[in-house]
Amino acid sequence: MMRDVPHTELAKAQANGIEIAYDTFGNPGDPPLLLIMGLGAQMIHWDEEFCKRLAARGYWVIRFDNRDVGLSTHFHDAEVPDIPAVMERFLRGEPAFIPYTLKDMGEDAVGLLDALGIESAHVVGISMGGMIGQLIAIHFPERIRTLTCLMSTTGEPGLPPPTPEAMSVLMTPLPTERTAYIEDSARIWRVIAGPKFQHDDSQARKWAELAHDRGLNPDGIARQMAAITASGGRRRALESVAVPTLVIHGDGDPLLPLECGKDIADAIPGAKLMIIEGLGHALPEAVWTEVIDAIAEHAH
């Protein structure tokens, strides 16, 4: 039986010169485990039940809104990048003038650890969050005990691209009207969930309702996407990472194909690769036990 898991109210911390919204699960006396979410997603996309189950394994679980989404600082005064132009400049080897980089977002996460009085933490990042976790391991190795990258990538240009359907949902802005936003969000999860695990539409709609009511920031998603594009590949830098690393990836991921996860595991010395058959670019409840077991055992 799962022990009772404390869950704090939403709080805000000053970190890296901005305000970060966060909450925690479990006992602050347990080893800290920081969850970093992906592109455009809010902390609520780390499902509460998932967080409770992870905390019940003996971790103080912290989830937060990345900059420019949810209830963390929005960069309203920054320009909205032209993503195709940013991509074109990157491919030509020219600098792209963007409001911030993934390294800045990694510094936000480290700043949150500072605000919470945490010297080092286990870090689990999903998709863009895995990229941010890699940069923490590269630039702030003393702050990270272990790294788990879920359905992420090194960002190397030669890796396989998303499927046309996945690219379409990635590049198409979501509507802001509530009902349309909820329906489109559910459709996106159906596209990216992969061939084996049918995504729970009721779960997708619940997340969309919460995200919409907390506050949308479409311009922030564009700035995050520009940060991913302009930050480029990390493979060479990852070759010197000594942080114990676990890579979890599905072989049915239409957004970041399996080769992207394999590239992380190949780059980081000693990294372990766990492949989940049929899993796409989502974390359905059907794989929670398998994923939580792997994270907990890796952190131990």
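The questions below concern local features of a predicted model.

Q: Why is Ser-127 called buried?
A: Its relative accessible area is 13%. Buried means under 20%, so Ser-127 is buried. Ser-127 sits in the loop between β5 (121-126) and α4 (128-139). Beyond its neighbours within four places in sequence, Ser-127 touches Gly-38, Leu-150, Met-151, Ser-152, Leu-256 and His-281.

Q: What makes Met-151 buried, and which loop holds Met-151?
A: The relative accessible area of Met-151 is 2%. The cut-off is under 20%, therefore Met-151 counts as buried. The loop is the one between β6 (144-150) and α5 (164-171). Met-151 is not a glycine, yet its phi is positive, at about 40 degrees.

Q: Why does Asn-16 count as partly exposed?
A: Its relative accessibility is 36%. Buried requires under 20% and exposed over 50%, so Asn-16 falls in between and is partly exposed. Asn-16 belongs to the loop between β1 (11-15) and β2. Asn-16 also has a positive phi, about 55 degrees, although it is not a glycine.

Q: How do you know whether α3 and α4 are roughly parallel or roughly perpendicular?
A: The two helices pack at an angle of about 75 degrees, with their axes 9 Å apart. Angles of 65 to 115 degrees count as roughly perpendicular, so α3 is roughly perpendicular to α4. By class, this contact has nine nonpolar, two polar and one charged residues. On the α3 side the residues are Leu-102, Lys-103, Met-105, Gly-106, Ala-109 and Val-110. On the α4 side they are Met-128, Met-131, Ile-132, Leu-135, Ile-136 and His-139.

Q: How do you know that the span of helix α3 agrees with its number of residues?
A: Helix α3 (residues 102-115) has 14 residues, which at 1.5 Å a residue should span 20 Å. Its end C-alpha atoms are 20 Å apart, so the two values agree. The buried residues of α3 include Leu-102, Met-105 and Asp-108. Past the helix comes Gly-117, with a positive phi near 70 degrees.

Q: What makes Thr-101 a cap of α3?
A: A side-chain oxygen of Thr-101 lies 3.2 Å from the backbone nitrogen of Lys-103. A polar contact needs N or O atoms within 3.5 Å, so the distance qualifies, and Thr-101 caps the N-terminal end of α3.

Q: What is the reach of helix α8, and what is expected?
A: Helix α8 (residues 218-231) reaches 20 Å from its first C-alpha to its last, close to the 20 Å expected for its 14 residues. Among its buried residues are Arg-223 and Gln-224. Just after α8, Gly-232 has a positive phi of about 70 degrees.

Q: What makes Arg-205 partly exposed?
A: The relative accessible area of Arg-205 is 24%. Arg-205 is in helix α7 (residues 201-214). Its C-alpha is 7.2 Å from that of Glu-183, 22 residues apart along the chain.

Methods: Residues numbered from 1 in each chain as written. Predicted model: local features only at pLDDT ≥ 70, side-chain atom pairs only at ≥ 80, totals over all residues. Heavy atoms only, no water. Helix = DSSP H or I, 4+ residues; strand = E, 2+ residues; numbered from the N terminus. Expected span 1.5 Å × (residues − 1). Buried < 20%, exposed > 50% of the residue type's maximum accessible area, 1.4 Å probe, protein only. Polar contact = N/O pair within 3.5 Å; in protein donor to acceptor, adjacent residues only side chain to side chain. Contact = heavy atoms within 4.5 Å. Axes fitted to C-alpha atoms, helices over the stretch in contact; angles between N-to-C directions. Parallel < 35°, antiparallel > 145°, perpendicular 65-115°, else oblique. Nonpolar A, V, L, I, M, F, W, Y, C, P; charged D, E, K, R; others polar.
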